[in-house]
Amino acid sequence: MERKAFIKNCGFACLGGTLVASLLESCGGTKMIAGTIDHSDLVVPVSSFQSHNGSFSRYVVIQHEKLKYPVCVYRFGEKEYTALLMRCTHQGAELQVFGARLQCPAHGSEFNDKGVVQNGPADTNLRTFPVTIQHNQLYISLK
Ligand code: FES
């Protein structure tokens with residue numbers, strides 16, 4: 001392949017990849033963000049919940065390389081948040097979020113947006129973390 005054709009093909013491949021990523025982000029209801037760790041807190045900006053048109057997402061899923069499981073944070077109001085470890089309390093599978101529900105793909109357990117078991121076989125609520133707000137940042141205490 002000639003250099004010019006190679007560059008042209010790479011350009012289209014990159015453009016296609018970017019387009020697919022944008023479509024997936026806009027179609028999927030789940031907003032995934034990377035948090036930072038500050039001492040024993042997982043930190044994300046409050047603005048993570050805001051969308052382009054100024055409305056707020058009901059929840060965001062926060063990941064960090066040091067966390068084995070993501071943390072789902074639900075927003076109930078300006079100062080009311082619930083942070084849930086996305087680890088099924090039955091046998092430890094990673095949960096999936098669907099609106100106000102977290103479902104386990106392994107055996108079907110379901111939890112609500114406060115982490116309370118709605119359907120078994122899990123019989124224990126999800127682990128929750130205290131959330132505080134300082135300087136427009138959410139601090140999720142992982143202690
Ligand atoms: S591991 Fe989640 S229901 Fe079994």
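1. Which residues have the most contacts inside the largest nonpolar core? They are Val 71, Cys 72, Val 73, Leu 84 and Ile 140, in a core of 27 residues. A nonpolar core here is a set of buried Ala, Val, Leu, Ile, Met, Phe, Trp, Tyr and Cys residues joined through C-beta atoms within 7 Å. A residue is called buried if 20 or more other C-beta atoms lie within 10 Å of its own, exposed if 12 or fewer, and partly exposed in between, with C-beta atoms placed from the backbone. The elements that give two or more residues to this core are β3, β4 (59–63), β5 (71–77), β6 and β13. In soluble globular proteins, nonpolar side chains tend to be buried together.

2. The basis of the note comes next. The model is predicted: local features need pLDDT of at least 70, side-chain atom pairs count only at pLDDT 80 or more, and totals for chains, interfaces and linings use all residues. Residues are numbered from 1 along each chain as its sequence is written.

3. On confidence, pLDDT is the predictor's confidence in each residue, from 0 to 100. The chain has a mean pLDDT of 84, and 80% of its residues reach 70 or more. Over residues 10–28 pLDDT stays under 50, and the model has 0 contacts beyond four places in sequence for them. Two residues are in contact if their C-beta atoms, placed from the backbone, lie within 7 Å. Where pLDDT is low, the predicted coordinates should not be read in detail.

4. The secondary structure comes to 1 helix and 13 strands. Helices (H or I, at least four residues) and strands (E, at least two) are DSSP runs, numbered from the N terminus. Along the sequence, the pattern is α-β-β-β-β-β-β-β-β-β-β-β-β-β. Of the 143 residues in the chain, 23% are buried. Among contacts with a separation of 6 or more, 41% join residues 24 or more positions apart.

5. Two strands count as paired if DSSP finds at least two bridges between them.

6. β2 and β3 (residues 41–45) are antiparallel over 3 bridges, and Thr 36 stands opposite Val 43 in β3. β3 and β13 also run antiparallel, joined by 5 bridges, with Pro 45 opposite Gln 137 in β13. β12 and β13 pair over 4 bridges in the antiparallel sense, and Gln 134 has Gln 137 as its bridge partner in β13.

7. A further open sheet has 5 strands in the order β1-β4-β5-β6-β11, and its pairing is mixed. Its edge strands, β1 (32–34) and β11 (128–129), each pair on one side only. β6 (residues 80–85) and β11 are antiparallel over 2 bridges, and the bridge partner of Leu 84 in β11 is Thr 128.

8. Leaving out residues up to four places away in sequence, Val 71 touches Leu 42, Ile 62, Ala 83, Leu 84, Leu 85, Met 86, Phe 129 and Ile 140. Val 60 lies in β4 and is buried, with 23 other C-beta atoms within 10 Å. With the same exclusion of residues up to four places away in sequence, Val 60 touches Lys 31, Ile 33, Ser 48, Phe 49 and Val 73. Val 60 and Val 73 are 13 residues apart in sequence and 5.5 Å apart in space, C-alpha to C-alpha.

9. Some backbone angles deserve a check. His 39, in the loop between β2 and β3, has a positive phi of about 55° although it is not a glycine. Is His 39 buried or exposed? His 39 counts as exposed because it has 9 C-beta neighbours inside 10 Å. Asn 136, in the loop between β12 and β13 (137–141), has a positive phi of about 60° and is not a glycine either. Asn 136 counts as exposed, with 8 C-beta neighbours inside 10 Å. The hairpin of β12 and β13 has 2 residues between the strands, and in it His 135 takes a positive phi near 50°.

10. A cis peptide bond joins Gly 120 and Pro 121, with omega about 20°. Pro 121 lies in the loop between β10 (117–119) and β11.
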